[in-house]
Amino acid sequence: MLGYAARRSVVALGLVWVVATLVFLVIHLIPGDPAELLLSQGGFAPDPAAVAELRERLGLDRPLPEQYLAYLGDLARGDLGRSLLDEHPVAEEIALRLPRTLELILAAALLAVAVGLPLGTLAALRAGGIGDRVLSVLAGVAMSVPVFVIGTLAVLVFAQKLRWVSAGGFTPFDRDPLGHLALLAMPAATIAVGLAAVVFRMTRSSILEVLGRDYVRTAVAKGVAPLRIVVHHVVRNALIPVVTVLALHLGTLLGGTVLVEYVFNWPGLSGYLVNAVEARDYPEVMGIVLVISVLFVLLNLAVDLLYALLDPRVRHA
Amino acid sequence: MSFVTSRRAFVAGAAALPFLRMPGARAATPGVLTFGLSSFPPSIEPFANTGTAAATIKVMIYRGLLSYGKDGLLRGDLAESWGPEGQTAWVFKLRDATFHNGEKLTSADVKWTIEQIAAEKSTAFFRKEMQGVAAVETPDDRTVRLVMKEPNVTVPRLMASYHLPIISKASAGGEAIGAGPFKVKSTERGVSMELEAFDKYFRPGLPKLKGIRAIAYKDENLRVAALQAGDVDLIEYVPWQSMEAISKDPALTLDTTDGPFMYLVFNGAKKPFDDARVRKAVAHAINRDDIVKAAFFGRGSGLAHLPIAEGSEFFNAEYKDAWSYDPALSKKLLTEAGLGGGFSCSLLSTAQYGMHKDTAEVVQQHLMAVGINAQLNLPDWATRVALGNKGQYDLAVMGTAADSNDPDGLSNFIDGTLSPSYVRSHGVKVDRIIELLQAGRVEFDEAKRKAIYKELEKVAVDEVPIAGLAWRSQGYAMKKGVTGFKNLPGALTFYSGLTFEETSIG
C-alpha cells in the first residue's frame, strides 16, 4: 500500500508541474502586456519610458526561460509571488478568497441535497405519478436555465421589487454574521437550483434501481416497516452514485462560480481569476490556477488511495 | 409513510416570508454615505493613473494645488491663488492646510512631490510633464515658484489633475499622506473601502459627511439594483439602458453629462488609410445617430468634429457637422482616392465592453454601404490595447474622455509625434496640427489661443487624424436624500468625486 501511495504521489507531483508550466506558458503567450495595461488606464497613453521602467521593476523584461526558472524556484519555496498591480501577496489573497468560494459551494451543496434528496426519493417512490412527472419536468428546466439567468431574476424579484434582501455584496462573518448569511443566501440558492436538479435525478434513478433489488423484496416480505426499508435499505444504498456525481459537480464549481460571483458581487476565487486574466496579472493568474489544480489533483489522489484501500485489486494492478 | 404539512402552517410560513429580510446587510450609519463604485481601485497610488474609480477615491484622500468647482472652472485647492510670472514661471500661494498626519502643508512638500513624479525611476502618469520643470523654488513656506523649461499655459490644468496631488514629504518610504477631506479607515481588498471625515480639512465646515463606504459593483445591472434596493445611496457609471427608469423613479435622481466620447483611429502607416481622403470618406460614411441609439440607448449625441464640447469656449460652431453623414460624398472621396470599387480592411474593437462592440457593429454596417468591407476583430480589452499599441489594425473603435475641457487635451489623440498608442491613430502625423498644438500650449492670450484651436480644427476636418463618432452620456444616480453631489460638466465628469466634500445625506 505504501509503495502504491508513493507512486501515486509522484504522479500527482508531476501533474502539478505540468499544470504550472502550461499556465506559465499560456499566460505569457497570449497578447497583452501587464505594464502597458497598468499604465494605460482611462484611455490615456502612458509614457513609453515609464512602461519600460515598470517592466524592469516587475521583471518582465527578463528572458522567458529566466522568468520560468524564477517562477519554479519561488513555487518550490511555496511563494506564489505578488500582484503586479499593487504588490499584494498572491497567496494571502487566495487564502482570503478560497474559503469564500468554498463556503458558497458548500452552502449550495447543502441546499441542493436538502431539496434534491427528499424530492428524488419521493418521486422514485411515486414513480409515474403526477408528482413525479411535474418534479421531473421542473428538474429538467432547472438544469437547463443558466445560473446568470436565475441569479439576475433573483436579484430583480427579491432585491429590486420585493426588497427582501440586498442585491449582492459581501460582509465578513466575524463583522456581521446575520448580514453575511443574508448575502450568502441568494448566490448559494442560485447555484443550488441546478445542483438540486442533478441530485434529484440521480437520487430518483438510483432509488428506482435499488427498489428492484432482492434484499428490498426480502425486507418487504419480512414485513419491515416501509419507512425503515426506505431509510435503511434503499436510500443508504442508493446514495453512492449520488455522492459521486455531487462530488464531481462540486469539483467543477471550484473554478466555475464565475458568473454567480459576478452577478452577486461575491468576492470569491473565480471572480479574482477573471479580474487577474483581464489585467494580465501573471502571478495572480498562475497562483489561482495552480491552487485550483492542486486541489483537483489532491482530490483525485485521495480518491485513488481510497479505492486502493477498499479494493486490494487496485493497488496490485 | 407520509409527509403531512398542515395547511395553516404553510399559509403562516408564506405570510412570514416578507419579514425575513435581513436589515443587517444594508444597515445605514447616520452621516455615512454608501457609494457604489464601478470597480475596485487596483491601487490608490497618488501619481499613477489606475482608472476612474481609483481617481474618484483619490480626490477624496488627496488634494492638489488646484482643482475644479461645480461649474467646471479652475479653483484653488491647496493653493489659494496662482498666476504666471513672465513666460515660463508660475507662482502658487499655499493655504493653511494640514496633512492627515497632522503636519502643516509647506512649499517643501510641493517641491518634494514634483521631484518624486519627475524622478528617473518614476512611473508617474505626469513624469514627462514634470520633467519639463526646470526648477521648483520655495522662497518661503507658503510660496512655490515653478519654473518651466518652456512656456506652458496648461500648467494650472496639470496642477488640477487627480494624478498630481500634493503629498506630504513625510510619506517617503511609506504610505502616501494626503490632505483631502477624507482618510482611509479600512480596506477590504477587492470589496470595499471605508473612508472617514478628516477633521482638520482646510475648508471650514467640510466635509459634511462623517464617512463614505465605497463598495465595488463591477456588474452595472447589480449596481443599479443595489441603488434601487436601497443598499447604496449613490452610484457611478449608470448604464445607459437604466437611465430612463432611474429618471422616472421618484425616489432617485439622475445626473448626467456628455463628456466621454467614441471615435475611430486609423492605421496611417499603410494603405489605404495613409490617404486623408480615405479617412475622410470613412468619417462621412457613418450615421452617428445610429451609434447613439444602438450603443447608448439614445443617451448621448453625434460627434462629427473634433471632441471639443459645445459648452467649451473653444467650440467652433461652423465645424459642428464637419463630418456629417453623407454617403454620396464618402463614395466620391473613395473614387478620388482610386478606391471607387471598394476595399476590405480590419476593424478592431473589443467584445469586453458592450459600447465598444455595439459601436463597431454600427460602423461596420455603414462602411459596408459605401463599399468598405470591414472585418470585425473583437478580442478582450488587454489584447485590443496590445494590438492598438503595435499598430496591428486598419481601423479601430476607441472611447475615452479628455483629461480636461481644455483643447490641449486633444494632444493625447491627435499629436502624431507622441509614442504609438492605442488611443491615437498609428502613423498619422500632420505637421500643421503639431505646430498648432505647440502654439496653443505656449500662447497666454486667450483670444489668440482660440484662433489657434479654430485653425487646428479646420486642418483636422480635412486631414482626419481621428474621426469623432459620439458623445456618450456619463451618469451618476443617487437617492433623493443625497444633496451637494454634482456631476461635473463635460470631460470633468470623472472629477465629480471632488464634490463629496459638500455632499450630505438626509
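A residue counts as buried here if 20 or more other C-beta atoms lie within 10 Å of its own. The model shown in these views is predicted.

**Figure 1. The interface of chain A with chain B.** Here 48 residues of chain A are in contact with 49 residues of chain B. On the chain A side, the elements giving two or more residues each are α2 (34–38), α3 (48–58), α7 (147–161), α8 (177–211), α10 (226–253), α11 (258–263) and α12 (269–278). By class, the chain A residues on this side are 25 nonpolar, 13 polar and 10 charged.

**Figure 2. The largest nonpolar core.** This core holds 236 residues. Those with the most contacts inside it are A:A108, A:A196, A:V199, A:I288 and B:L264. Helix α8(A) gives the most to this core, with 18 residues.

**Figure 3. The surroundings of A:I288.** A:I288 is one of the residues with the most contacts inside the largest nonpolar core. Neighbours within four places in sequence are left aside in this view. Beyond them, A:I288 is in contact with A:I94, A:L269, A:Y272, A:L273 and A:A276.

**Figure 4. A positive phi at A:E87.** A:E87 is not a glycine, yet has a positive phi of about 60°. Most residues other than glycine have a negative phi. A:E87 sits in the loop between α4 (64–76) and α5 (90–125) of chain A. A:E87 counts as exposed because 12 other C-beta atoms lie within 10 Å, and the cut-off for exposed is 12 or fewer.

**Figure 5. Domains of chain B.** Nine residues of domain 2 of chain B are in contact with nine residues of domain 3 of chain B. The domain 2 side of this contact has three nonpolar, four polar and two charged residues.

**Figure 6. B:I167, a buried loop residue.** B:I167 belongs to the loop between α5 (155–159) and β8 (182–188) of chain B. B:I167 is buried because 24 other C-beta atoms lie within 10 Å. Its contacts, apart from neighbours within four places in sequence, are B:P46, B:Y62, B:T113, B:A176, B:I177 and B:G178. B:T113 is 54 residues from B:I167 in sequence. In space, the C-alpha atoms of B:I167 and B:T113 are 5.9 Å apart.

**Figure 7. The buried side of helix α7 of chain B.** Helix α7 of chain B covers residues 240–248. Its buried residues are B:W240, B:S242, B:M243 and B:I246. They lie on the same side of α7(B) because they cover an arc of only 130° around the axis. The buried residues of α7(B) pack against α6 (220–228), β12 (252–266), α9 (288–296) and β17 (466–479) of chain B.

**Figure 8. A positive phi at B:Y237.** B:Y237 is found in the loop between β11 (234–235) and α7 of chain B. Its phi is positive, about 45°, although B:Y237 is not a glycine. B:Y237 counts as partly exposed because it has 18 C-beta neighbours inside 10 Å.

**Figure 9. Cis peptide bonds in chain B.** Most peptide bonds are trans. The bond from B:L206 to B:P207 is cis, with omega near 0°. B:P207 is placed in the loop between β9 (192–197) and β10 (211–216) of chain B. The peptide bond from B:K271 to B:P272 is also cis, with omega near 0°. B:P272 lies in the loop between β12 and α8 (276–285) of chain B.

Methods:
Residues numbered from 1 in each chain as written. Chains lettered and ligands numbered in written order. Predicted model: local features only at pLDDT ≥ 70, side-chain atom pairs only at ≥ 80, totals over all residues. Helix = DSSP H or I, 4+ residues; strand = E, 2+ residues; numbered from the N terminus. Contact = placed C-beta atoms within 7 Å. Nonpolar A, V, L, I, M, F, W, Y, C, P; charged D, E, K, R; others polar. Arc of directions from axis to C-beta. Core = buried A, V, L, I, M, F, W, Y, C linked by C-beta atoms within 7 Å.
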